[in-house]
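The paragraphs below lead a new reader through one structure, from single contacts to the chain as a whole. Please keep the sequence and the 3D view at hand while reading.

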Amino acid sequence: MALNAHLDTLKRKHQAMSEAVETAQRAPGMDDLQVASMKKEKLRLKEEISRLSS
């Protein structure tokens, strides 16, 4: 059961990061490096979710 709870937490973090990236990309003054960093974190979360789901 602990693995399922951890996966749910990761999925919620990934969803929140997706929304943050979308908002940041629409913001005119957002730093491109910060957006890239957010995308890397989002990808890291997705890879961890995939790894734990297998």
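Glu-48 touches His-6 and Leu-10, when residues up to four places away in sequence are not counted, and contact here means heavy atoms within 4.5 Å. The model is a predicted one, in which local features need pLDDT of at least 70 and side-chain atom pairs count only at pLDDT 80 or more, while totals for chains, interfaces and linings use all residues. Residues are numbered from 1 along each chain as its sequence is written, and side-chain values use heavy atoms, with hydrogens and water left out.

Glu-48 has its place in helix H2, where helices (H or I, at least four residues) and strands (E, at least two) are DSSP runs numbered from the N terminus. With a relative accessible area of 18%, Glu-48 is buried; the word buried stands for under 20% relative accessible area, exposed for over 50%, and partly exposed for what is in between, with a 1.4 Å probe and protein chains only.

One of the partners of Glu-48, Leu-10, lies in helix H1 and is buried at a relative accessible area of 4%. Leaving out residues up to four places away in sequence, Leu-10 touches Leu-45, Glu-48, Ile-49 and Leu-52.

Beyond residues up to four places away in sequence, Leu-7 touches Ile-49, Leu-52 and Ser-53. Sequence separation and distance in space can be set side by side here, for Leu-7 and Asp-31 are 24 residues apart in sequence and 30 Å apart from C-alpha to C-alpha.

Which residues make up the largest nonpolar core? The five residues of this core are Met-17, Val-21, Ala-24, Val-35 and Met-38, a nonpolar core being a set of buried Ala, Val, Leu, Ile, Met, Phe, Trp, Tyr and Cys residues joined through side-chain atoms within 4.5 Å. Helix H1 (2-26) and helix H2 (32-53) each supply at least two residues of this core, and H1 gives the most, with three residues. In soluble globular proteins, nonpolar side chains tend to be buried together. Met-38, leaving aside its neighbours within four places in sequence, is in contact with Met-17, Ala-20, Val-21 and Ala-24.

Lys-42, found in helix H2, is partly exposed, with a relative accessible area of 27%. Apart from residues up to four places away in sequence, Lys-42 touches His-14, Met-17 and Ser-18. The C-alpha atoms of Lys-42 and Lys-13, which are 29 residues apart along the chain, are separated by 8.3 Å.

Turning to the protein as a whole, there are two helices and zero strands. The C-alpha atoms fill a box of roughly 45 × 15 × 10 Å, taken along the principal axes. The radius of gyration is 13 Å, whereas a compact globule of 54 residues would have one near 10 Å; the radius is taken over C-alpha atoms, and the globule rule is 2.2 Å times the number of residues to the power 0.38. Of the 54 residues of the protein, 22% count as buried.
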